[in-house]
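Subject: Structure handover

Dear colleague,

Please find below the structure I said I would pass on. My notes on pockets, cavities, helix packing and backbone follow it.

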Amino acid sequence: MAIPYGRQWLDEDDERAVLDTLRSDYLTQGPKIAEFEQALCDYTGARHCVVVASGTAALHLAVAALALPAGSEGITSANTFTASANSMAYCGIKPVFADIDPISYNIDPASIAARITPATRLLTPVHFAGQPAEMTAIAALAREHGLKVIEDAAHAIGSRYRDGSPVGNCRHSDATIFSFHPVKTLTTGEGGAVMTNDEALYRRMLLLRSHGITKDPALLTQNPGPWYYEMHGLGWHYRMTDMQAALGLSQLKKLDRFAARRRGIVARYNRLLAGLPWLRTPVEADGVTSCFHLYVPCIDFAALGLTRAEAMQRLLAQGIGSQVHYIPVHTQPWYRETYGYGPGDCPVAEAYYAQCLSLPLYPALTDDEVATVAAAVRSLG
Ligand SMILES: *Cc1c(COP(=O)(O)O)cnc(C)c1O
């Protein structure tokens with residue numbers, strides 16, 4: 001495809017960083033892991049970081065480390081990737097879906113409030129498309145009801161909250177997760193991270209990242225020799241490789257440049273697509289600075305006289321990729337069968353889903369390509 005909907009940007013220095021590590025003594029967890037974790041702490045301002053094999057592993061680890069009681073419920077956005085909710089289901093927590101705000105497409109705090117029950121223990125807001133969710137209101141609800149908060153910031157490394165501070169600092173949450181999949185705003189191939197300011201949570205996540213096994217002399221119940229280790233919890237193998245961490249370190253140095261370019265492309269699209277009666281350009285909430293993982297206009301396909309599949313096909317015929325983010329998670333067959341959810345549960349997210357179409361957005365996209373995409377979209381009408 002000439003212009004995909006998303007792709008990574010890798011330079012020679014990224015290649016060199018990976019190659020240097022490949023030629024070093026460490027392939028899996030070595031010195032680059034700790035370096036990348038420290039760099040993520042420095043970038044976000046959070047105290048602790050655990051890097052892992054994927055954003056999904058990061059979510060699972062964070063939820064598991066909270067050790068919430070069986071029968072708990074957690075609330076997340078209907079407009080997200082399935083992993084936000086699956087991370088709760090993995091841990092025996094019932095995922096409950098809140099509806100979204102019709103302007104930001106982010107989780108609506110009023111809908112969260114309406115879905116809190118005595119069993120609710122966890123809120124997992126998602127910073128959709130890179131735009132921070134309403135964390136002040138969400139943190140207030142969490143305080144009022146004694147809930148834990150995990151921010152799913154898979155889209156939002158490089159974004160800033162309304163107070164100007166970086167997403168990932170965990171000022172409003174117990175933990176924040178990132179994904180480093182190639183379409184996200186920073187990549188390690190596959191990878192993820194959990195940020196937290198909670199020392200105990202950090203220790204539990206470190207343990208669970210690697211089978212629940214420790215060799216820390218301070219934690220062992222006995223210490224008969226250098227071979228000895230103990231398993232203190234039922235963990236997983238969620239480690240990141242040193243090659244991936246080296247790539248992440250190299251990419252992190254460019255993140256602010258990537259963010260500026262993404263914002264520039266979004267501003268350009270917004271200008272080029274203004275004034276179409278059948279298309280609504282995305283709106284950035286006052287004060288926030290989104291790193292914009294996705295560019296999602298909403299299109300009234302009925303007014304256009306085209307189905308979305310036909311519109312996507314017409315763009316594809318011109319070499320332009322597009323995608324849909326997201327099919328509301330509560331309408332997925334597994335969620336219907338397992339929890340009895342279905343259409344009508346989150347009407348705003350469902351109405352949004354009928355109209356959303358993600359257009360190409362990545363830092364390497366040129367101004368000419370942006371103009372080509374915008375012209376192709378305009379010509380749908
Ligand atoms: C990509 C994504 C994830 C999962 O990240 P992976 O690295 O692909 O496991 C979780 N939540 C959201 C909102 C995502 O977009």
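Helices here are DSSP runs of H or I with at least four residues, numbered from the N terminus. Please keep in mind that this is a predicted model.

Pocket

Which helix gives the most to the lining of the largest pocket? Helix 3 does, with 3 residues. The volume of the largest pocket is about 330 Å³. Its lining is made up of 23 residues, and those closest to the centre are Thr-56, Phe-81, Ser-179, His-181 and Lys-184. Two or more lining residues come from each of helix 3, helix 4 and strand 6 (175-179). Sorted by class, the lining of this pocket has 11 polar, 9 nonpolar and 3 charged residues. The largest pocket lies between domain 1 (12-252) and domain 2 (255-378), because both domains give residues to its lining.

Cavities

How many cavities of 30 Å³ or more does the structure hold? There are 2.

The largest cavity has about 90 Å³ of space. Its lining consists of Ile-103, Ser-104, Tyr-105, Phe-128, Ala-129, Gln-131, Pro-282, Val-283, Ser-290, Phe-292, Leu-294 and Val-296. By class these divide into 9 nonpolar and 3 polar residues, with no charged ones. Domain 1 (12-252) and domain 2 (255-378) both supply lining residues, so the largest cavity lies between them.

The second largest cavity comes to about 50 Å³. Around it are Arg-7, Gln-8, Trp-9, Pro-182, Lys-184, Thr-185, Leu-186, Thr-187, Gln-251, Phe-258, Arg-262 and Pro-363. In this lining 5 residues are nonpolar, 4 are polar and 3 are charged. Domain 1 (12-252) and domain 2 (255-378) each give at least three residues to the lining of the second largest cavity.

Two residues link these lists to other parts of this message. Lys-184 lines the second largest cavity and is also among the residues closest to the centre of the largest pocket.

Helix packing

Two packed helices are described by the angle between their axes and the distance between the axes.

- Helix 2 (residues 31-44) and helix 8 (residues 242-252) have axes 8 Å apart, at an angle of about 30 degrees. Angles under 35 degrees count as roughly parallel, and helix 2 and helix 8 are therefore roughly parallel to each other. The crossing of helix 2 and helix 8 is left-handed.

Backbone

Most residues other than glycine have a negative phi, and most peptide bonds are trans. Two places in the model depart from this and may be worth a look.

- Where is the cis peptide bond with omega near 5 degrees? That bond runs from His-325 to Tyr-326. Tyr-326 sits in the loop between helix 11 (308-317) and helix 12 (333-339).
- Tyr-105 is not a glycine, yet its phi is positive, at about 65 degrees. The loop that holds Tyr-105 is the one between strand 3 (94-98) and helix 5 (109-115).

Best regards

How values were computed
Residues are numbered from 1 along each chain as its sequence is written. This is a predicted model: local features need pLDDT of at least 70, side-chain atom pairs count only at pLDDT 80 or more; totals for chains, interfaces and linings use all residues. Side-chain values use heavy atoms; hydrogens and water are left out. On a 1 Å grid over the protein atoms alone, a cavity is a set of points where a 1.4 Å probe fits but cannot get out, and a pocket is an open set with protein on both sides within 12 Å along at least five of seven lines; lining residues have an atom within 4 Å of a point. Grid points are joined across faces, edges and corners, and a volume is the space filled by probe spheres set on the points. Ala, Val, Leu, Ile, Met, Phe, Trp, Tyr, Cys and Pro count as nonpolar, Asp, Glu, Lys and Arg as charged, and the others, Gly among them, as polar. Domain bounds come from an automatic or database domain assignment. Axes are lines fitted to C-alpha atoms, for helices over the stretch in contact, and angles run from 0 to 180 degrees between N-to-C directions. Angles under 35 degrees count as roughly parallel, over 145 as roughly antiparallel, 65 to 115 as roughly perpendicular and the rest as oblique. A crossing is left-handed if the near helix is turned anticlockwise from the far one by less than a right angle, and right-handed if clockwise.
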